[in-house]
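Have a look at the model, try each task, then read the solution.

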Amino acid sequence: MIKKVYLAGPFFDEKQLTLIKQVEQSLADNPTVGSFFSPRLGTEDSAKDVGSARWAKATFDEDIKEINQAQVVVAILDYPHGNPDSGTAFEIGYAWRQGLPIVLLSTDEGVAVNIMLSQAATAFLTSPSDLKSYDFDKLSEIPYRGKNF
């Protein structure tokens, strides 16, 4: 059974945009992914009033709805200073509470991961290309083996 994936991750600068686009492409190329939602691409809101209260509420509501409809969450941890984006951390926690499997991705070699995130993960991957071949039907456990904080 192919899966619906929710993609959580920052896209605030060129490096983050490049990475999230690579992840989106890997998910699109994975035969066990039926569809995915990336908040970067949003569906129900326009960018005409980014930052407004109306935009914030619509974006939050859409993202929560999409997590609720997902069967698995993929979350990108790469962020300055090794701390994940706060929105991504919220999405991971919400997904975990919903009982969803969580696949974490970090391309930052040697960066310690917060224990609340590493312990919530079903699988920990280190390259966008890993997502192209990861079997979302089997959801094999791949534990995080690096340093925690």
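**Exercise 1.** Work out whether Lys65 is buried, partly exposed or exposed.

*Solution.* Start with the cut-offs: buried means under 20% relative accessible area, exposed over 50%, and partly exposed in between (1.4 Å probe, protein chains only). Lys65 has 30% relative accessibility, so that makes Lys65 partly exposed. Now try Glu66: at 8%, Glu66 counts as buried. These two form a salt bridge, with the closest N and O atoms 3.7 Å apart. (A salt bridge is a side-chain nitrogen of Lys or Arg within 4 Å of a carboxyl oxygen of Asp or Glu.) Shared partners then link Lys4, Lys65 and Glu66 into one network of salt bridges.

A quick note on the numbers: this is a predicted model, where local features need pLDDT of at least 70, side-chain atom pairs count only at pLDDT 80 or more, and totals for chains, interfaces and linings use all residues. Residues are numbered from 1 along each chain as its sequence is written, and side-chain values use heavy atoms, leaving out hydrogens and water.

**Exercise 2.** Find out which parts the salt bridge between Arg40 and Glu24 ties together.

*Solution.* First, the contact: the side chains of Arg40 and Glu24 meet at 2.6 Å, N to O.
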